[in-house]
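Here are my notes on this model, as numbered points. Please read them with the structure open.

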Amino acid sequence: IFKKVGSIFENTTLKKGDNAQFRLRQLCDACGITWGDFDTEEIIGREFEAEVGVKEYNGVLSNEVKKFIPVRK
């Protein structure tokens with residue numbers, strides 16, 4: 001079992017084509033923002049939950065977001 005404590009970073013892209021924005025779309029959905037032509041400022045301060053895991057690459061452990069989950073109210 002892997003264990004990694006610390007920060008979690010997730011990179012997404014604004015690049016269009018070849019389904020490159022699938023992670024950004026998942027993040028928008030989890031934050032309650034309608035996918036499409038939105039202002040990136042809209043996402044600041046939004047909350048979501050995430051399923052987090054640990055991956056190993058060349059012997060180095062790092063946290064990764066496996067799934068974005070909308071906050072249940």
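1. Start with arginine 23. Leaving aside residues up to four places away in sequence, arginine 23 touches Glu10, Thr12, Val65, Lys66 and Phe68. Bear in mind that this is a predicted model.

2. Where does arginine 23 sit? Its place is in helix α1, which spans 22-31. Arginine 23 counts as buried, because its relative accessibility is 14% and the cut-off for buried is under 20%.

3. Which side chains make polar contacts with arginine 23? One is glutamate 10, joined side chain to side chain at 3.1 Å. Another is glutamine 26, where the side-chain contact is 2.9 Å.

4. Phe68, one of the residues touched by arginine 23, lies in strand β2. Phenylalanine 68 has a relative accessible area of 9%, so it is buried. It is also the bridge partner in β2 of alanine 50.

5. Now the sheet pairing. Strand β2 covers residues 60-69 and runs antiparallel to β1, with 9 bridges joining the two. β1 itself is 49-57. The hairpin of β1 and β2 has 2 residues between the strands. In that hairpin, asparagine 58 takes a positive phi near 55 degrees. Check this residue by eye.

6. How many aromatic pairs does a search of the whole structure find? The count is 1. The partners are phenylalanine 48 and phenylalanine 68, with ring centres 5.4 Å apart. Their planes stand at 70 degrees, so the pair is edge-to-face; the cut-off for that class is over 60.

7. This pair links distant parts of the chain, 20 residues apart. Phenylalanine 48 belongs to the loop between α1 and β1, and phenylalanine 68 to strand β2. Is phenylalanine 48 buried, partly exposed or exposed? Its relative accessibility is 35%, so it counts as partly exposed.

8. Two other residues of the loop between α1 and β1 deserve a look: threonine 34 and glycine 36. Threonine 34 is exposed because its relative accessibility is 68%, against a cut-off of over 50%. Glycine 36 has a relative accessible area of 37%, so it is partly exposed.

9. Threonine 34 and lysine 16 are 17 Å apart in space, with a sequence separation of 18 residues. Glycine 36 and arginine 25 are 8.6 Å apart in space and 11 residues apart in sequence.

Key. Residues are numbered from 1 along each chain as its sequence is written. This is a predicted model: local features need pLDDT of at least 70, side-chain atom pairs count only at pLDDT 80 or more; totals for chains, interfaces and linings use all residues. Side-chain values use heavy atoms; hydrogens and water are left out. Helices (H or I, at least four residues) and strands (E, at least two) are DSSP runs, numbered from the N terminus. Buried means under 20% relative accessible area, exposed over 50%, partly exposed in between (1.4 Å probe, protein chains only). Two strands pair if DSSP finds at least two bridges between them. Rings of Phe, Tyr and Trp (its six-membered ring) pair if their centres lie within 6.5 Å; planes under 30 degrees apart count as stacked, over 60 as edge-to-face and the rest as tilted. A polar contact is a pair of N or O atoms within 3.5 Å; within protein, one must be able to donate a hydrogen and the other to accept it, and residues adjacent in sequence count only if both atoms are side-chain atoms. Contact means heavy atoms within 4.5 Å.
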